[in-house]
Amino acid sequence: MTFPSLVDLGTEQQAVVDLPFHGCHLVTGTPGSGKSVMAVYRAWALATAGRGVTLLTRSNLLHQYLAQLAPDLTEALDVTTYHRWIRAFWSARFRSDPPQIDEDDWTYDWLEMQQNCLARKVGTTGHLVIDEGQNLPIGFYQLCRLLGLDITVFADENQRIDSEQSALSEIRRALGIRSPIVLRENHRNSRAIAALASAFHVRGDSEVAVPTRAGPIPTLLRAPSREHLLSAVRQCFHAHPERSIGVICRSTHTLRSVQNGLTKLGLAGSTQAYAHNDRYRNAIDFSSRPIRLVSTASMKGLEFDSVFVPDLDAYTEDPTGVEACLRFFVLCTRAREDLHFAHLGAKEPPILSGIPESLLIRRTC
């Protein structure tokens, strides 16, 4: 992981550091524009100014990533997840769990929560800094406004995969924000990776700056077995000791299978995996240099030098659908330097069919 210093921040990013310490603010921008970095800096600036601040996100894995992203900055911060914050807040004031509509999927009853807070005249102070804020339901923002909390939200509507999450316009209305700060520069992806990702960008933005850094064109490998791709992962690991490697799988079943395959190739001590509700795969150390395996459900906010997608055959949905395009847009933009897909059999998966050779190199092994 590399974390820029204050002097390395661009003009757009510096404007985030200089935001007023009070009130609600929305920062949006393209993947790679540094929203997670700026979320950490925003929380650090508030804490340095003596404000009570909590940095939170919905994803547990992204929470781990943010907590480790800049230890010198985050050690003085409360870094937590959305569910932990909600449950701790409610327990401290009502001595109970928050009311839920469905306990199985952790869906809260926002209307009842607002009514309870109004009846008891519950309020709170402090500042929340939220990364990947599009992942949170609009009821959460409405509750925070009622409580009188100051909030800085970092969000990107083009990474909003789940239809039940919040649109930027909804966040603005809920928090009374007139206009967002927009980060347009892509500091992460190479020009070739950004070009492929743009093929899945369903909300075209002509103001997004095209990256200038060169890099190899992403590849699509037709392989007789998954072991051929895993051999490529091992080769990359040994050939580029300075790089971080991410293997992004569609399902946790594939994730476990891939990790077992890499173990058989002699990389047992060089892999870390994260899978929801798996006690053996519930944490990743982002300060070390293993091969990191994550699912598409946990990939938002993360980045790797090299990204491998071993199960392209699993993307069987309509490739023209909005959710499919958004998922693949997020997937492509996780890679900084190179991006590799693999599928089994002769037939190319529809999600990448029609992509020209100028954006995607096809190979057979």
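Guide: Let us begin with a definition: two strands pair if DSSP finds at least two bridges between them. In this predicted model, three bridges join β11 to strand β12 (residues 291-295), and the two run parallel. Within this pair, A273 stands opposite L293 in β12.

Visitor: In which order do the strands of the sheet stand?

Guide: Strands of a sheet pair through backbone hydrogen bonds, either parallel or antiparallel. Here seven strands form an open sheet, in the order β11-β12-β10-β13-β14-β9-β15, and the pairing is parallel. β11 (271-273) and β15 (361-364) stand at the edges with a single partner strand each, so one side of each has no neighbour in the sheet. From one strand to the next, the twist averages 20 degrees.

Visitor: Which strands does helix α10 lie across?

Guide: Helix α10 (residues 226-239) lies across β9 (219-223), β10 (245-249), β12, β13 (304-309) and β14 (335-344), and runs at about 170 degrees to β13. Helix α12 (residues 322-332) lies across β10, β13 and β14, at about 125 degrees to β14.

Visitor: At what angle do helices α7 and α8 pack?

Guide: Two packed helices are described by the angle between their axes and the distance between the axes. Helix α7 (residues 138-147) and helix α8 (residues 168-175) pack at about 15 degrees, with their axes 8 Å apart. Angles under 35 degrees count as roughly parallel, and α7 and α8 are therefore roughly parallel to each other. The crossing of α7 past α8 is right-handed.

Visitor: Which residues of α7 and α8 meet?

Guide: From α7, I138, Y141, Q142 and R145 meet E170, I171, R173, A174 and L175 of α8. The residues of this contact comprise five nonpolar, one polar and three charged.

Notes
Residues are numbered from 1 along each chain as its sequence is written. This is a predicted model: local features need pLDDT of at least 70, side-chain atom pairs count only at pLDDT 80 or more; totals for chains, interfaces and linings use all residues. Side-chain values use heavy atoms; hydrogens and water are left out. Axes are lines fitted to C-alpha atoms, for helices over the stretch in contact, and angles run from 0 to 180 degrees between N-to-C directions. Helices (H or I, at least four residues) and strands (E, at least two) are DSSP runs, numbered from the N terminus. Angles under 35 degrees count as roughly parallel, over 145 as roughly antiparallel, 65 to 115 as roughly perpendicular and the rest as oblique. A crossing is left-handed if the near helix is turned anticlockwise from the far one by less than a right angle, and right-handed if clockwise. Contact means heavy atoms within 4.5 Å. Ala, Val, Leu, Ile, Met, Phe, Trp, Tyr, Cys and Pro count as nonpolar, Asp, Glu, Lys and Arg as charged, and the others, Gly among them, as polar.
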